[in-house]
Amino acid sequence: QASVVVAPAPRVVEAWSCAPPAMASAVARLATRRVVAVVQTDLLGLAPAPYRQLVRTSGWLPSTSTCVAGRRLASWAAGEGAKKNGLSFADVMSLRENMVMRNHEKASQIGLLFGHAGYFMGLLEYGVTDIVLLRVFAIGCCGLVVGFQLLQPRVQWVSAVWCGIYVAVNVVQLALLLGVTPPSLSWEEEKLHACFAHQITAAQFHSLMALGEFCWLVDGAMMAEEGTDRDSEGRLLVLTDGFCRVSIGGEVVTELGPGSVVGEIGLVTSAPASCATVSAAGSVRCFSVPVRSVVQLLEEQPEMKRPLERIFASSLAAKVRSMNERVQRRNYRAVLEVACSVDAHEGISGAVEESRRRHGISYELHEELMDELSQCVHMPFRRHRQEHERAPAAEKHAL
């Protein structure tokens, strides 16, 4: 009533069984990971009615070389019934191993692709700072490594299990991150955040806004004073409306407008004293936060350091550009003041034009200064508009 046949394939035994419960239990014990039991079509008709019904209703195909059909049939014959008809872990692993062995070449190629892709995604993790992207790359990396292991004839369970745990942890953390409602900013905070949208996220900006307050400054109010010692009681100011003057040695070197930061030098350098005087030019609206609070925030949330550094670097670069433009304008103005007084001399006009081009002075600024200077009321060194329009574009828009 029962037969066990050793197949030519290594480590594979195909067991056909339509035996009574006792014999079926013995066949079930033989159906380990290295034994594949198959219900044979021509013997199925000899099996008792419950066995045949189980095979038909469960959708087992006689052509499947898996231990699933035989082991389920043996389990039913042993009296365990439909309660234990589900696949066990050993069943799934036997199916996996059989599929890999049958398609060894293709599984090897796909597994190699998964392995390289997984470690490449792991390499990408070192190039991102955004926590969401970091989680996504970690999930992809570990998930592909698990896929690589499952496509091997023998699974390295230490690697596969731990990578699976990493995937589960990162999936949970990513769900928590994406499920958090972003903090709402007031209209004034949104207006200020628009100036730094490329440097800091709304959530990070909200953390900074919680440390300070918005305030008004009257005309002439001192925001920083040259030569004064910096201390922990200082304040970081961010302009939202109005302008302020920056002077060094009593001479105004530039003006700052909305989005400019005052007091950031003390956070990015170790300079003991302020290097310039900053005063309000008319009414100024700004956001004020104690330097001590910013330092404490950086200690509690180290990830805030990079966004703040980008904001401060952008602010410093804007100040340098503004100062250079102001110095350039002042120097060219001095050149025109002298040149307009001696324009009758031969070669002066050519020298002015050469100076304008060499220092990157636009023709629009040239005309503006000519209109401002009383020495140039007779309008020397002014080319006709049509002549200017025929000039090369690179010259017209020189920096």
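In this predicted model, the lining of the largest cavity draws at least two residues from each of α10, β6, β9 and α13. The largest share comes from α13, with 3 residues. The cavity has a volume of about 80 Å³. Its lining consists of Phe196, Phe205, Leu208, Leu236, Val238, Val261, Phe287, Val289, Leu308, Ile311 and Phe312. By class, these are 11 nonpolar residues, with no polar and no charged ones. In total, 4 cavities of 30 Å³ or more were counted.

Several of these names return in the largest nonpolar core. This core holds 19 residues. Leu192, Phe196, Phe205, Met209, Val261, Phe287 and Ile311 touch the most other members. Two or more residues come from each of α10, β6 (235–248), β9 (277–290), α12 (291–300) and α13. Ile311 is in contact with Phe196, Gln199, Ile200 and Val261, leaving aside residues up to four places away in sequence. Another core, of 16 residues, lies apart from the largest one. Among its members are Ala221, Leu237, Cys244 and Cys286.

The largest pocket contains about 730 Å³ of space. It is lined by 24 residues. Asp130, Ile131, Thr201, Ala203 and Gln204 lie nearest its centre. Two or more lining residues come from each of α7 (131–150), α8 (157–179), α10 (202–209) and α13 (305–341). Here α10 gives the most, with 4 residues.

Note on methods
Residues are numbered from 1 along each chain as its sequence is written. This is a predicted model: local features need pLDDT of at least 70, side-chain atom pairs count only at pLDDT 80 or more; totals for chains, interfaces and linings use all residues. Side-chain values use heavy atoms; hydrogens and water are left out. On a 1 Å grid over the protein atoms alone, a cavity is a set of points where a 1.4 Å probe fits but cannot get out, and a pocket is an open set with protein on both sides within 12 Å along at least five of seven lines; lining residues have an atom within 4 Å of a point. Grid points are joined across faces, edges and corners, and a volume is the space filled by probe spheres set on the points. A nonpolar core is a set of buried Ala, Val, Leu, Ile, Met, Phe, Trp, Tyr and Cys residues joined through side-chain atoms within 4.5 Å. Buried means under 20% relative accessible area, exposed over 50%, partly exposed in between (1.4 Å probe, protein chains only). Contact means heavy atoms within 4.5 Å. Ala, Val, Leu, Ile, Met, Phe, Trp, Tyr, Cys and Pro count as nonpolar, Asp, Glu, Lys and Arg as charged, and the others, Gly among them, as polar.
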